[in-house]
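I opened this entry to look up the sheet, the helix packing and a few backbone angles. The notes are in the order in which I checked them.

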Amino acid sequence: MRILVLDASPKKVSDTMRATSMFIKGIEDLNQGDVIEVVKLINCEIKPCLGCFQCWKNMDGKCIQEDDQNTLLEKYVKADIIIFSFPLYCYSMPSTLKAFFDRTIPLVKKSMSIENEGVRHDSLVDFSKKRSVVLCGCGFPQFEDNFIGLKCQLNMILHRYVGVFYSEAPLLNIKEAEAVADPLLEKFYEAGKEFRDRLWLSEKTIQDLEAPVIPMEKYVSYVNSYSISTISLFIT
């Protein structure tokens with residue numbers, strides 16, 4: 001299978017990508033002959049959508065703007081599995097990933113259809129056989145409310161996806177937290193194997209990945225003990 005990993009963290013060293021890398025390693029270690037490509041979106045030029053709808057006139061699946069988006073769209077269309085790895089930013093996704101999604105309009109038509117009492121644009125691409133995974137880390141302690149807005153957004157954007165939304169992500173890149181971070185990273189590795197084997201994750205696996213690793217009060221105290229400059233190195 002062709003697997004496309006879109007790393008949407010703005011940082012060079014991403015806590016979220018640390019978990020995603022273990023997930024990918026789990027996929028690789030099953031040795032299914034998959035072709036895995038990782039693209040760091042912050043290194044791509046993705047201009048804002050102009051809202052010109054020229055793509056709907058051309059109907060060629062391409063945007064008229066000259067940047068990296070058309071190359072990304074080609075990879076997106078060809079991929080059998082798409083893994084989105086990104087940190088929670090302002091209770092949503094980082095702006096680079098939002099720009100990417102805004103610029104996927106060339107993959108749909110102007111025409112609309114009613115689906116499940118809602119309305120969607122008809123698609124130029126058959127996404128029904130594609131599998132998507134969303135791995136999103138958060139710098140806050142575990143609160144379901146942290147991800148409500150993002151989940152609503154993703155439910156509208158993606159046709160079908162497996163989502164893992166976990167808090168305390170900065171712990172994954174702090175040496176002092178290895179005692180609790182390493183077992184969680186091992187779970188992401190096993191989850192990668194499970195996903196490649198079943199093309200889905202069980203509810204138990206998701207719950208294990210999303211479960212807090214330390215008490216909320218201890219986490220807050222831990223974060224507050226760092227200076228602003230130090231925290232900026234970790235929270236990605």
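Below are my entries on this predicted model.

**Sheet.** I began with the strand order. The sheet is open and has five strands, in the order β2-β1-β3-β6-β7, with parallel pairing. At the edges I found β2 (35-40) and β7 (161-166), each of which pairs on one side only.

**Strand β1.** I asked how many residues of strand β1 are buried. The count is five of the six in residues 2-7, so the strand is largely enclosed by the rest of the structure. Towards β2, I noted six bridges, and the two strands run parallel. As a reference pair I took Leu6, which stands opposite Val39 in β2.

**Strands β3 and β6.** Next I checked β3 (residues 81-87) against β6 (residues 131-137); the two run parallel and are joined by seven bridges. Here I marked Ser85, which stands opposite Leu135 in β6.

**Helices α6 and α7.** For a packed pair I record the angle between the axes and the distance between them. Helix α6 (residues 178-198) packs on helix α7 (residues 203-210) at about 155°, and the axes are 10 Å apart. An angle over 145 degrees counts as roughly antiparallel, and therefore α6 is roughly antiparallel to α7. I noted the crossing of α6 and α7 as left-handed. From α6, the residues in the contact are Leu184, Lys187, Phe188, Ala191 and Glu194; they meet Thr205, Asp208 and Leu209 in α7. By class I have four nonpolar residues, one polar and three charged in this contact.

**Positive phi.** Last, I went through the loops for phi values.

- Phe53 has a positive phi of about 60° and is not a glycine. I found Phe53 in the loop between β2 and α2 (54-58). Its relative accessibility is 40%, so I list Phe53 as partly exposed.
- Met59 also has a positive phi, near 55°. This residue is in the loop between α2 and α3 (69-78). Buried or exposed, or in between? Met59 is partly exposed, with a relative accessible area of 38%, which is in between because buried means under 20% and exposed over 50%.

Terms used: Residues numbered from 1 in each chain as written. Predicted model: local features only at pLDDT ≥ 70, side-chain atom pairs only at ≥ 80, totals over all residues. Heavy atoms only, no water. Pairing = 2+ DSSP bridges. Helix = DSSP H or I, 4+ residues; strand = E, 2+ residues; numbered from the N terminus. Axes fitted to C-alpha atoms, helices over the stretch in contact; angles between N-to-C directions. Parallel < 35°, antiparallel > 145°, perpendicular 65-115°, else oblique. Left-handed = near helix turned anticlockwise from the far one by under 90°. Contact = heavy atoms within 4.5 Å. Nonpolar A, V, L, I, M, F, W, Y, C, P; charged D, E, K, R; others polar. Buried < 20%, exposed > 50% of the residue type's maximum accessible area, 1.4 Å probe, protein only.
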